[in-house]
Amino acid sequence: MESEKEKRECLEAFKSKVCSKMVNFWNNKNDLHAKFSIALMKAFNTNPRTGWTRANEVAGPEVTKELTRLSAENATLRNTIEAMTIKEKEQDRNLLRSLFKTLDQNEITAYVRKEAKDWGPPIKTTLLKLFSGCATKLLVENSPKEIADDLALELSQTTEYYRPWPVPENYVQGWLADLHALDLVEPSKKKHSVHDKTEYWCLTDLGREALKSIRRHRLESKGKTSPENEPAPPPDQ
């Protein structure tokens with residue numbers, strides 16, 4: 001479209017240079033539009049590129065530096081949390097070891113009533129066995145009278161005992177107080193009918209962990225040790 005001679009010569013020189021490459025020709029603007037669109041799509045498919053990013057979307061050196069700092073800080077925090085978790089688990093294991101040792105060292109003389117006035121011979125046991133015998137039903141809650149039944153079964157290994165209170169009530173209350181002092185049991189907070197005046201007890205969080213460890217030890221033993229002669233279980237590994 002150039003009319004001036006100098007510009008016309010430049011245009012012809014440009015056309016000659018372009019035509020030395022692979023070219024295509026068009027007749028009008030519609031033809032140009034169609035051929036250009038096709039050629040562009042072929043170029044996209046033949047030579048895919050990563051594209052481009054607007055200048056205002058490119059992260060500057062300050063942002064890159066801050067991201068690097070935050071990444072390092074995040075890694076440090078993760079390592080710290082992991083170390084604290086490991087330390088906390090070890091502290092929990094040590095607490096359970098100490099707790100089981102205390103329970104097993106507290107030897108107790110108990111009685112199981114066979115008849116109304118026959119308390120039977122004294123039975124030597126430990127606070128650990130008493131806890132193991134009544135803890136399962138304390139996962140939800142249980143009354144002292146029902147706890148006495150569970151303990152009678154644990155101590156005598158038979159259901160042939162006198163009811164109610166096959167184990168002296170004052171003994172049961174004293175054992176509950178001891179377990180409460182070790183943070184293993186606590187009075188239940190579950191709501192009951194206003195007409196229900198029964199006292200209920202349940203396990204604390206520590207009591208649940210202790211019971212879990214006992215049950216796991218029993219399962220892993222696979223019958224190697226009889227329940228009534230079961231030794232103090234180690235803390236969860």
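Mentor: Before we start, a definition: two residues are in contact when they have heavy atoms within 4.5 Å. Please also keep in mind that this is a predicted model.

Trainee: Understood. Which residues of helix 4 and helix 7 meet, then?

Mentor: From helix 4, the residues are Leu-128, Phe-131 and Ser-132. On the side of helix 7, they meet Gly-207, Ala-210, Leu-211, Ile-214 and Arg-218. By class, this contact has five nonpolar, two polar and one charged residues.

Trainee: And how are the two helices described as a pair?

Mentor: Two packed helices are described by the angle and the distance between their axes. For helix 4 and helix 7, which covers residues 205-221, the axes come within 11 Å and cross at roughly 90°. The two helices are therefore roughly perpendicular to each other.

Trainee: What about helix 4 and helix 5: at what angle do their axes cross?

Mentor: The axes of helix 4 and helix 5 cross at roughly 120° and come within 8 Å. That angle makes helix 4 oblique to helix 5, because the roughly perpendicular class covers 65 to 115 degrees and the roughly antiparallel class begins over 145.

Trainee: Is that crossing left-handed or right-handed?

Mentor: The crossing of helix 4 and helix 5 is right-handed.

Trainee: Which residues meet there?

Mentor: Helix 4 contributes Lys-129, Leu-130, Gly-133 and Cys-134. Their partners in helix 5 are Ile-147, Asp-150, Leu-151, Glu-154 and Leu-155. The class count for this contact is five nonpolar, one polar and three charged residues.

Trainee: Changing topic: how many cavities of 30 Å³ or more does the structure hold?

Mentor: There are two cavities of 30 Å³ or more. The second largest cavity has about 40 Å³ of space.

Trainee: Which residues line the second largest cavity?

Mentor: Its lining consists of Leu-130, Cys-134, Ile-147, Leu-151, Val-172, Trp-175, Leu-176 and Leu-179.

Trainee: Which helices supply at least two residues each, and which gives the most?

Mentor: Helix 4 (127-134), helix 5 (144-156) and helix 6 (169-181) each supply at least two residues of that lining. Helix 6 gives the most, with four residues.

Trainee: How do those lining residues divide by class?

Mentor: The lining of the second largest cavity has eight nonpolar residues, no polar and no charged ones.

Trainee: What is found in the loop between helix 5 and helix 6?

Mentor: Pro-164 is placed in that loop, and the peptide bond from Arg-163 to Pro-164 is cis, with omega near 0°. Trp-165 also lies in the loop between helix 5 and helix 6. Although Trp-165 is not a glycine, it has a positive phi of about 55°.

Trainee: One last topic: how much space lies in the largest pocket?

Mentor: The largest pocket has about 620 Å³ of space. Two elements give two or more residues to its lining, namely helix 1 (5-19) and helix 2 (29-46). Helix 2 provides the largest share, eight residues.

Trainee: Which residues lie nearest the centre of the largest pocket?

Mentor: Of the 17 residues lining the largest pocket, Val-23, Asn-24, Phe-25, Trp-26 and Leu-32 lie nearest its centre. By class, the lining of the largest pocket has 13 nonpolar, one polar and three charged residues.

Methods. Residues numbered from 1 in each chain as written. Predicted model: local features only at pLDDT ≥ 70, side-chain atom pairs only at ≥ 80, totals over all residues. Heavy atoms only, no water. 1 Å grid on protein atoms, 1.4 Å probe; cavity = no way out; pocket = protein on both sides within 12 Å on 5 of 7 lines; lining within 4 Å. Points joined across faces, edges and corners; volume = space filled by probe spheres on them. Nonpolar A, V, L, I, M, F, W, Y, C, P; charged D, E, K, R; others polar. Axes fitted to C-alpha atoms, helices over the stretch in contact; angles between N-to-C directions. Parallel < 35°, antiparallel > 145°, perpendicular 65-115°, else oblique. Left-handed = near helix turned anticlockwise from the far one by under 90°.
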